[in-house]
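This report concerns the protein model shown below. Please keep the sequence and the structure in view while reading.

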Amino acid sequence: MTDRTYQSRRTAGLTNGRVSFWYDQIGLPERGEALPGDRTADVCIVGAGLTGLWTAYHLATHRPDLRIVMLEKEFAGYGASGRNGGWLSAELAGNLDRYAASGGRDGVLRLVRAMEGAVDDVIAVCAEEGIDADIVKNGVLHVARSEPQLARMDASLAAHRAWGIGEWHERRLTRREVHERVRIEGALGAVYSPHCARVQPAKLVQGIAAAVRRKGVTIYEDTEVTAIEPGRAVTQRGVVRAEHVLRCLEGYTASVQGRRREWLPMNSSMVATEPLPDDIWAELGWDGAELVGDAANAYSYAQRTADGRIAIGGRGVPYRYGSRTDADGITQAWTVESLAAILHSQFPATADVPLARAWCGVLGVPRDWCASVSLDPRTGLGWAGGYVGSGLTTTNLAGRTLADLVLRRDTDLVTLPWTNRRVRRWEPEPLRWLGVRSMYLLYREADRREAAGLRRPSRITRFANLLTGR
Ligand SMILES: Cc1cc2nc3c(=O)[nH]c(=O)nc-3n(C[C@H](O)[C@H](O)[C@H](O)COP(=O)(O)OP(=O)(O)OC[C@H]3O[C@@H](n4cnc5c(N)ncnc54)[C@H](O)[C@@H]3O)c2cc1C
């Protein structure tokens, strides 16, 4: 599909792309100055999404004298940071065993606590910097809508309990308790965590970008970095030389020379309805700002927006061959239709509410599906990402950690078990395309069978995960 709007019965008049719905509410920003030629700095940060911005924010807070330059291909907040579902949650990407391999049980628990703290840190900085990002911390519900989903959810909760992650982090809700919060069709139970806030992503990232600029950091926009080497970042407009060069590109990492197989750019797509009338909100019983997701293999995530819409996201086409990324957030027509179907299945009362917007973006997936933050003291090169769709809060933890690593601060943060992990690269094409595509085809088949009345989690899921090492 090349145009930005298309017509179908459910989605007549829907606008697709144009970065994201969140920018409709505040307007796309004017682009700032591009790199005017060669420059020298103390720290050069490549990519002005939330990872780069939080890093710059904390570096400049600790050391106002540092010369910090950020290089951004489009505008600050153009990527996933300005397009996401607005789940500011304490969820951490990947498998706890893999973090434990470098930090042990205690390390895992410290990481879980650090993620909880990061949710509150974002909220505190917003208050301090006067950023109004529609933030409301009412928690998150992961809702099971079939017996296999319930069994999978309970198994995951039991595994967390075995790690020592208790009710302070998340707890089981009965069907009645779910309905007291949000009436989701077919809900059998849920896991609820209080450690999650609803956020308007574009307001958040633009607010942090403004705060970073106020602290004296220079953000050059319209400046694409083509290569990152020890001591320098190369662009067609000039070279920035710095002792530390930090790669903060998440889903766009493959666009830089030599990094094609590092983190796989996974797509996620979203749709937003027109505002719902009061009687429908009353029927849904969704009075607060809880975030709501399901427990399907190809899961969905939703928020009630501050202006009374439902914005819901899910996978769609998981991955484009050759690690390509979208054009300005345009997603496929069939993805819009499938998100509409999920919306109407979870909330039948919305069946006649038109969809207003659709968009997509990319997030970064490492080969072991676990996030990392690293700095090589020999080369001065650093990076953070691979949050696998749980990046909104993790970027904050990553930014604070990268800043401490650069400044050689001896803090608890730099000893968390996701620091300085080394992860092997993805396979060359067509293997990674075949692997990820097959995994999601199998997930869909598993979800279809589970929805059709299977009584236990489909075994296909385990096979799908084996395919890609998830
Ligand atoms: C649709 C969607 C929904 C999501 N929902 C959630 C959610 O609800 N909760 C959650 O926790 N996470 C969510 N995520 C994930 C989360 O948004 C990301 O993990 C996080 O925003 C990553 O931030 P980042 O700064 O690392 O990357 P990005 O925000 O992607 O920033 C990277 C920046 O680098 C720039 N860039 C790209 N190439 C170059 C280059 N060569 N040179 C210079 N600059 C370049 C880009 O323009 C971009 O601004 C979602 C992601 C998507 C796509």
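The sections below describe the domains, the nonpolar cores and the salt bridges of this predicted model.

## Domains

The domain assignment divides the protein chain into domain 1 (31-88 + 202-263 + 368-415) and domain 2 (427-470). Taken over C-alpha atoms, the centres of domain 1 and domain 2 are separated by 33 Å.

## Nonpolar cores

The largest nonpolar core comprises 94 residues, and within it Tyr99 and Trp418 touch the most other members. Helix α3 (residues 96-129) gives the most to this core, contributing 13 residues. Domain 1 and domain 2 both give residues to this core, so the core lies between them.

Which residues does Tyr99 touch, not counting those up to four places away in sequence? With that exclusion, Tyr99 touches Leu92, Ala93, Gly104, Val108, Leu111, Cys370, Ala371, Pro417, Trp418 and Arg421. Another core, of 28 residues, lies apart from the largest one; its members include Trp286, Ile310, Ile312 and Ala358. In soluble globular proteins, nonpolar side chains tend to be buried together.

The structure holds 31 salt bridges. One of them joins the side chains of Arg31 and Asp222, with an N to O distance of 2.8 Å. Arg31 lies in the loop between α1 (21-26) and β2 (39-46), and Asp222 lies in the loop between β9 (218-220) and β10 (225-229), so this pair ties together parts that are 191 residues apart in sequence. Arg31 counts as partly exposed, at 37% relative accessibility, and Asp222 counts as partly exposed at 31%.

A salt bridge is also formed by Arg152 and Glu450, whose closest N and O atoms are 2.8 Å apart. Arg152 belongs to helix α4 (residues 147-163) and Glu450 to helix α10 (residues 431-451), and the pair links parts of the chain that are 298 residues apart. Arg152 is partly exposed, with a relative accessible area of 21%, whereas Glu450 counts as buried at 3% relative accessibility.

Arg448 and Glu445 meet through their side chains in a salt bridge (2.8 Å, N to O). These two residues are three residues apart in helix α10, so about one helical turn separates them. Glu445 is partly exposed, with a relative accessible area of 22%.

Conventions: Residues are numbered from 1 along each chain as its sequence is written. This is a predicted model: local features need pLDDT of at least 70, side-chain atom pairs count only at pLDDT 80 or more; totals for chains, interfaces and linings use all residues. Side-chain values use heavy atoms; hydrogens and water are left out. Domain bounds come from an automatic or database domain assignment. A nonpolar core is a set of buried Ala, Val, Leu, Ile, Met, Phe, Trp, Tyr and Cys residues joined through side-chain atoms within 4.5 Å. Buried means under 20% relative accessible area, exposed over 50%, partly exposed in between (1.4 Å probe, protein chains only). Helices (H or I, at least four residues) and strands (E, at least two) are DSSP runs, numbered from the N terminus. Contact means heavy atoms within 4.5 Å. A salt bridge is a side-chain nitrogen of Lys or Arg within 4 Å of a carboxyl oxygen of Asp or Glu.
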